[in-house]
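Hello,

Here is the structure we talked about handing over. Please have a look, then read the notes below it.

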Amino acid sequence: MWKDEVTDNIVALIGVEISEAMVLVRHIAVSPSFRSEGIVHRLLDGLQQHYPTSTINGTLETAPFIAKWNQKQLNRSDEESSGSL
């Protein structure tokens with residue numbers, strides 16, 4: 001769950017299935033008024049921190065979000081390794 005810091009209302013949810021080596025993201029829901037704020041990426045970042053040795057995968061429904069997040073991770077890693085941060 002993701003709560004709005006101002007109102008303390010829940011504005012996003014993520015549903016996952018956990019196995020030994022993988023986290024499968026089955027559902028992602030974000031309140032329409034909070035979309036385009038990067039909440040999905042922050043949820044996925046937190047999930048990766050909570051399960052650092054697991055691979056995060058998505059279903060047909062959630063795979064586009066996971067792919068975009070993975071690309072952002074790769075870009076961040078490239079920037080850090082090239083010293084442009």
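**Helix α1 first**

Helix α1 has 12 residues and reaches 16 Å from its first C-alpha to its last, close to the 16 Å expected at 1.5 Å a residue. The expected span is 1.5 Å times one less than the number of residues. Helices (H or I, at least four residues) and strands (E, at least two) are DSSP runs, numbered from the N terminus.

Before the rest, the ground rules. This is a predicted model: local features need pLDDT of at least 70, side-chain atom pairs count only at pLDDT 80 or more, and totals for chains, interfaces and linings use all residues. Residues are numbered from 1 along each chain as its sequence is written, and side-chain values use heavy atoms, with hydrogens and water left out.

**Overall layout**

The protein has two helices and four strands. Along the sequence they follow the pattern β-β-β-α-β-α. The C-alpha trace spans about 40 × 30 × 20 Å along its principal axes. Of the 85 residues, 24% are buried. Buried means under 20% relative accessible area, exposed over 50%, and partly exposed in between (1.4 Å probe, protein chains only). Take the contacts with a separation of 6 or more: residues 24 or more positions apart account for 50% of them. Contact means heavy atoms within 4.5 Å.

**What α1 packs against**

In α1, the buried residues are I39, V40, H41, L43, L44, D45 and L47. They pack against β1, β2, β3, β4 (55–58) and α2. Leaving out residues up to four places away in sequence, I39 touches W2, V11, A12 and F34.

D45 also sits in α1. Why does D45 count as buried? Because its relative accessibility is 19%, and the cut-off for buried is under 20%. Beyond its neighbours within four places in sequence, D45 is in contact with W69, Q73 and R76.

**The core**

The largest nonpolar core has 14 residues. V25, I39, L44, L47 and I56 have the most contacts inside it. At least two residues of this core come from each of β2, β3, α1 and α2. The largest share, five residues, comes from α1. A nonpolar core here is a set of buried Ala, Val, Leu, Ile, Met, Phe, Trp, Tyr and Cys residues joined through side-chain atoms within 4.5 Å.

**The largest pocket**

The largest pocket holds about 260 Å³ of space. A pocket is an open set of points on a 1 Å grid over the protein atoms alone, where a 1.4 Å probe fits, with protein on both sides within 12 Å along at least five of seven lines. Lining residues have an atom within 4 Å of a point. The volume is the space filled by probe spheres set on the points, which are joined across faces, edges and corners.

The pocket is lined by 13 residues, and S36, G38, V40, H41 and F65 lie nearest its centre. β3 (22–30), α1 (39–50) and α2 (63–82) each give two or more residues to the lining.

Most residues other than glycine have a negative phi. D8 has a positive phi, near 65 degrees. D8 lies in the loop between β1 (2–3) and β2 (10–18). S36 has a positive phi too, near 70 degrees. S36 lies in the loop between β3 and α1. Is S36 buried or exposed? S36 is exposed, because its relative accessible area is 82%.

Best wishes
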